[in-house]
Amino acid sequence: MTNILLLGGTGWLGKTLSGLALDSGQQVTALARGTQAFAPGVNEVIADRASRDAYDRVENQVWDLVIELTSSPTFAREALRRLGGKARNWVFISSCSVYAEQSEPGADETADVVKPLDPDDGEAEPDYARTKSACEELSMQARDGRALVVRPGLIGGPGDPTGRSSYWPLRFAEPRDPVLVPADPDGQQWVQIIDVRDLAAFVLDAGSAGHRGFVNAVGAQHTLGEALRLAQEAAEAATSSANPDPGHKLVEYDLARMEVDLVNPWAGPKSLPLVLPTESGFAGFARRSDARALALGLRRRSLRESFEDIVRSNDGGGAGALRSGLSADEEAGLVVG
Ligand SMILES: NC(=O)c1ccc[n+]([C@@H]2O[C@H](COP(=O)([O-])OP(=O)(O)OC[C@H]3O[C@@H](n4cnc5c(N)ncnc54)[C@H](OP(=O)(O)O)[C@@H]3O)[C@@H](O)[C@H]2O)c1
């Protein structure tokens with residue numbers, strides 16, 4: 001049995017990691033303030049990492065695997081100072097956001113990263129990429145290279161708190177017509193989503209196996225058009241008993257109109273989720289190399305399966321209740337306009 005410590009554990013990935021590890025018979029302890037519930041069965045350590053005594057209850061054990069989920073270099077540094085010397089294996093959950101350029105399709109883990117933030121800088125609103133880059137550097141330094149830095153791309157799947165991966169399948173699952181879909185006639189837009197459950201399994205397996213270094217944990221690459229077709233097929237399959245005639249009328253939306261219509265790309269309110277900004281520089285964004293992850297054992301379900309599970313597990317709120325996408329009124333306004 002592996003003795004796992006999650007630094008974090010109450011967020012979406014943290015809870016998925018906890019559940020999967022517990023299901024496979026591991027012992028899981030999670031340290032967080034508890035602003036959200038811990039996964040059932042986890043040994044809860046409620047602590048604020050900003051306080052001096054945060055690690056008192058977890059530092060006198062030898063952990064087989066520590067999984068660090070923070071984006072704060074000061075938290076990462078202190079955890080490494082208190083726990084880093086003894087832990088057998090250490091995984092830091094970073095992000096593909098650390099890369100300095102997003103323009104080269106197929107770029108691998110050797111690509112340049114942004115300058116790490118100095119943990120003592122005290123910036124009020126530190127840049128996410130630079131904080132993650134700093135945590136990466138601190139982890140590798142403190143562990144003398146004996147750490148695995150996992151760089152997820154966009155994480156998706158059931159329960160996605162951002163709504164980015166859920167909007168399209170849930171929108172297609174609604175009977176409302178027409179559906180406004182982004183036009184991408186030249187196949188310039190790409191989608192690369194890693195299912196949170198596949199990511200969690202990879203982190204646990206690769207971390208426990210003692211792999212070291214940097215690895216992109218990303219989904220398979222699809223054009224946006226393919227991804228939308230998969231979302232529609234998944235929605236139809238998941239709702240076929242309730243809605244035997246699910247065909248949708250589609251209206252294509254010219255992405256050149258986004259600025260004038262005040263429609264956001266990517267995420268958030270009044271957005272077209274998963275659509276990349278149309279300016280240059282994003283050609284490699286959703287096309288990161290997955291070669292090392294696959295070599296280390298990453299197994300991925302299909303995007304269609306992730307989409308279908310999103311629809312099946314939806315609590316009924318639908319696309320309009322998400323933190324990303326268009327409301328019914330916004331969509332109708334864009335169809336007319
Ligand atoms: N979503 C994506 O597409 C994406 C892509 C690439 C990488 N990532 C990375 O993937 C990870 C996602 O993690 P997640 O889903 O589990 O959610 P998360 O919200 O990022 O997890 C942060 C954890 O840290 C804990 N925490 C925050 N402040 C704390 C404090 N002062 N003291 C103690 N604990 C504290 C939170 O718990 P409490 O609030 O309960 O304290 C929570 O459990 C993150 O590292 C994120 O940067 C995400």
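Is E78 buried, partly exposed or exposed, and at what relative accessibility? With a relative accessibility of 24%, E78 counts as partly exposed, where buried means under 20% relative accessible area, exposed over 50%, and partly exposed in between (1.4 Å probe, protein chains only).

The model is predicted: local features need pLDDT of at least 70, side-chain atom pairs count only at pLDDT 80 or more, and totals for chains, interfaces and linings use all residues. Residues are numbered from 1 along each chain as its sequence is written, and side-chain values use heavy atoms, with hydrogens and water left out.

**Exercise 1. Characterise the salt bridge between E78 and R81.**

Step 1. A salt bridge requires a side-chain nitrogen of Lys or Arg within 4 Å of a carboxyl oxygen of Asp or Glu. For E78 and R81 the N to O distance is 2.9 Å.

Step 2. Both residues lie in helix α2, 3 residues apart, which means that about one helical turn separates them. Helices (H or I, at least four residues) and strands (E, at least two) are DSSP runs, numbered from the N terminus.

Step 3. R81, at 60% relative accessibility, counts as exposed.

**Exercise 2. Determine where the partners of the R82 and D56 salt bridge lie.**

Step 1. The closest N and O atoms of R82 and D56 are 2.6 Å apart.

Step 2. R82 belongs to helix α2 (residues 73-83), whereas D56 sits in the loop between β3 (43-46) and β4 (65-68); the pair links distant parts of the chain, 26 residues apart.

Step 3. R82 is buried at 16% relative accessibility, and D56 is partly exposed at 41%.

**Exercise 3. State how many salt bridges a search of the whole structure finds.**

The search finds 22 salt bridges. As a general principle, side chains of opposite charge can pair when their charged atoms come close.
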